[in-house]
Amino acid sequence: MNRNLTSRHLIGWLLAAPLALVLLLFLILPICLIVVVSFWQSTAFSMIPAFSFENYEFLFGSPVTYAVFFNTVKYALISWAVTLVLGFTVAYFLAFHVRSLTWQVVLFLLCTVPFWTSNIIRMISWIPFLGRNGIANSTLMSWGVIDAPLEWLLFSDFSVILAFVHLYTLFMVVPIFNTMMRIDRSLLEAANDAGASGFQTLVNVVIPLTKSGIMIGSIFVITLVMGDFITVRFMSGSQSANMGRLISNDIALLQYPSAAATAVVLLATVLLMIAALLRIVDIRKEL
Amino acid sequence: MSKMRYSRRTLLKSGAAAVAASALPAPMVWAQEIKDITLRQFGTGVSNLNDVANKVKEDLGFTLEMTALDSDAVTQRAATQPDSFDIADIEYWICKKVWPTGNLQAMDTARIANYDKIVGIFRDGKLTPDSEIAQGTAPHSVGFVEGPGGTEFVNNESGWMTLIPTIYNADTLGIRPDLIGRPIESWAELLNPEFRGKASILDISSIGIMDMAMVCEAMGAITYGDKGNMTREEIDATFAIFTEAKKAGQFRAFWKSFDESVNLMASGEVVIQSMWSPAITAVKARGIPCVYQPLKEGYRSWGGGIGLSTSLSGMELDAAYDYINWYLSGWVGGYLMRQGYYSAVPETSKNFMSENEWGYWFEGKPATDVITSPTGDALAQAGDIRDGGSFEDRMGSVACWNAVMDENQYMVRKWNEFIAA
């Protein structure tokens with residue numbers, strides 16, 4: 001009995017070992033390294049091992065950091081809100097309005113069509129569209145809606161968020177659609193029989209039951225937007241920055257320790273946000 | 001065997017007797033083995049051209065692999081991944097940054113056939129005996145070290161070169177004359193409120209800061225001790241002016257790659273911006289008017305060269321010297337000069353250009369016939385004159401060289417803040 005138990009324990013440990021090892025080597029170790037390097041000092045071309053708070057002091061001592069931080073969170077929250085509304089609507093339509101399974105699958109696949117090209121290309125294709133002499137401006141002008149080209153269409157916060165929404169809405173659609181498909185249809189009938197209006201059913205039945213999908217989608221969108229740098233760089237014409245761009249600028253200029261310090265702060269923030277989200281909904285229980 | 005003769009001759013001429021002795025007794029083996037040699041070159045897009053690699057294969061027999069990166073990435077790779085390349089095609093200011101890492105080896109000028117014909121800028125710093133040396137990281141100041149293993153730059157022609165100069169030019173602002181409609185004469189125009197929302201500057205700190213300095217100095221706002229080596233106060237003052245302009249919406253965008261600058265200009269998003277010569281050419285090739293405007297304050301100049309990785313030795317090193325000698329022998333020079341750059345040894349390039357091309361690109365004479373780019377697009381019609389004129393006119397009015405300063409790290413952080421502001 002006792003020997004069985006130990007061997008069962010042993011097998012359990014062994015089964016868990018490969019994944020644990022992979023995570024240790026490729027996740028935990030690099031993160032530890034980043035944390036260590038963030039305390040180092042650097043010159044133009046080399047790093048000096050040290051234990052110095054210089055990088056953090058510079059980071060927290062500069063008003064630009066706070067502005068950039070605010071920008072990052074702003075992009076994340078606006079993109080999250082827009083993708084949530086869009087994603088939920090699309091998923092709701094697919095799950096409850098499209099009756100035949102074939103059409104559901106066809107329409108769902110249609111949603112993924114843009115993903116057949118690289119996200120950089122999808123993003124860059126907005127630039128000629130939104131430009132001063134682009135399609136959007138020339139169309140609006142030919143309709144007589146505007147007299148002069150709208151400058152804020154491109155290289156602005158508007159274009160950044162537009163690109164984020166375009167790139168990441170599907171990450172909201174998929175998990176929400178998935179949880180919606182698993183809602184027992186008789187619950188909706190019961191709500192209807194009990195006299196609930198469509199809106200009441202939505203608020204009291206559908207939304208609570210899709211909470212886990214919403215939460216998974218939110219985690220996707222928020223982490224992707226918080227960690228992005230290339231979308232912000234291209235769509236703002238290098239004129240605005242988020243934390244990712246601070247890091248990429250530092251790396252480009254060989255300031256690895258400073259980049260590491262920014263990365264640590266960004267990581268901590270994202271982890272805190274995810275932790276807060278997980279407190280609202282216990283994903284493991286819901287799944 | 002005709003391909004062989006070239007390398008044998010240069011080897012002999014260079015006086016590397018030992019190497020030649022081992023190579024000459026068995027030329028067949030050498031010819032066979034050289035085909036198996038692959039040299040990995042990386043550098044900025046300007047001179048990493050597939051046409052050059054193809055021509056190397058044809059003329060010298062070995063394979064040259066090209067990787068084109070932006071200036072920041074080039075610096076990063078040269079400094080941190082010495083084993084990832086054999087030949088670094090970098091700029092002189094990058095050399096100042098990278099040389100102390102010991103990833104590059106000095107080159108023996110005795111093995112460079114055309115060394116004596118290299119333009120003075122790269123040797124004693126002077127275009128003509130009486131020209132003044134401009135501010136910034138002038139190429140000759142980081143061009144030589146005291147010996148094969150030297151780590152300190154020396155300011156004389158020591159016989160050991162850090163980079164063999166290959167390509168250089170004088171940069172200024174690019175403008176869209178059709179959208180501006182009046183003459184532009186000064187760097188200060190970049191911050192003229194008239195061009196609010198239609199100006200751009202490049203987002204590469206070490207070059208961008210120089211353009212900024214040219215503008216601030218032209219505005220009369222700041223007087224610099226040395227634009228190529230600013231003090232913290234000068235850096236702060238420069239960024240203060242540009243941050244204010246940025247917040248006021250002066251800039252439409254910043255660009256980092258060549259293609260971005262072309263698109264900004266060609267689409268009319270921007271009418272005045274920092275630009276590189278071939279970008280102007282690319283805009284013109286689309287049939288859109290674009291001028292590389294000479295300005296009264298002078299040019300911001302840059303130069304690039306080929307450096308050899310420390311890990312190169314033996315036959316690969318010989319092949320690299322062959323490559324350098326071939327590079328300076330004229331074909332590449334002609335190719336680059338037809339794009340508006342200058343070659344380090346102009347006189348050899350002349351043999352590879354038509355009289356019309358030489359007159360237009362180098363001597364600043366009116367074109368006698370259509371001028372085409374190496375890819376065949378018409379760039380100028382008969383009677384047109386190159387923006388800025390002749391080689392002496394352009395390279396003679398250089399106000400500063402691209403540079404890396406003592407306060408580089410501070411400047412870089414300030415640059416980061418400027419982009420984020």
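Arg245(A) is buried, as is Asp203(B), where buried means under 20% relative accessible area, exposed over 50% and partly exposed in between (1.4 Å probe, protein chains only). In this predicted model, the side chains of Arg245(A) and Asp203(B) form a salt bridge with an N to O distance of 3.3 Å; a salt bridge is taken as a side-chain nitrogen of Lys or Arg within 4 Å of a carboxyl oxygen of Asp or Glu. The pair crosses between chains, with Arg245(A) in helix H13 of chain A and Asp203(B) in the loop between strand E10 (199–202) and helix H8 (205–219) of chain B. Helices (H or I, at least four residues) and strands (E, at least two) are DSSP runs, numbered from the N terminus.

Local features need pLDDT of at least 70 and side-chain atom pairs count only at pLDDT 80 or more, while totals for chains, interfaces and linings use all residues of the predicted model. Residues are numbered from 1 along each chain as its sequence is written, chains are lettered from A in the order in which they are written, and side-chain values use heavy atoms, with hydrogens and water left out.

Besides Arg245(A), the buried residues include Met243(A), Gly244(A), Leu246(A), Ile247(A), Ser248(A), Asn249(A), Asp250(A) and Ala252(A). Their cover includes H3, H12 and H14 of chain A, together with H5 and helix H17 (408–420) of chain B. After H13(A) comes Leu254(A), which has a positive phi near 65°.

The interface as a whole can now be described. Contact, meaning heavy atoms within 4.5 Å, involves 34 residues of chain A and 33 residues of chain B. The two chains bury about 2900 Å² between them, 49% of it on carbon and sulfur atoms; buried area is the accessible area (1.4 Å probe) that two parts lose on being put together, summed over both. On the side of chain A that touches chain B, two or more residues each come from helix H2 (54–61), helix H3 (63–97), helix H12 (230–235), helix H13 (243–252) and helix H14 (256–280). H13(A) gives the most to this side, with six residues. The residues of this side of chain A divide into 15 nonpolar, 13 polar and six charged; Ala, Val, Leu, Ile, Met, Phe, Trp, Tyr, Cys and Pro count as nonpolar, Asp, Glu, Lys and Arg as charged, and the others, Gly among them, as polar. A polar contact is a pair of N or O atoms within 3.5 Å; within protein, one must be able to donate a hydrogen and the other to accept it, and residues adjacent in sequence count only if both atoms are side-chain atoms.

Glu54(A) forms a salt bridge with Arg413(B), the closest N and O atoms being 4.0 Å apart. Glu54(A) lies in helix H2 of chain A and Arg413(B) in helix H17 of chain B, so the pair joins two chains. Glu54(A) is partly exposed at 34% relative accessibility, whereas Arg413(B) is buried, with a relative accessible area of 11%. Within H17 of chain B, Glu417(B) and Lys414(B) lie three residues apart, about one turn of the helix, and form a salt bridge with closest N and O atoms 3.6 Å apart.

A network of salt bridges links Arg132(A), Glu151(A), Arg252(B) and Glu269(B). Arg252(B) lies in strand E11 (residues 251–255) of chain B and is buried, with a relative accessible area of 5%. Leaving aside neighbours within four places in sequence, the contacts of Arg252(B) include Leu154(A), Phe155(A) and Gln239(A).

A polar atom of the Asp86(B) side chain lies 2.8 Å from the backbone nitrogen of Arg40(B).
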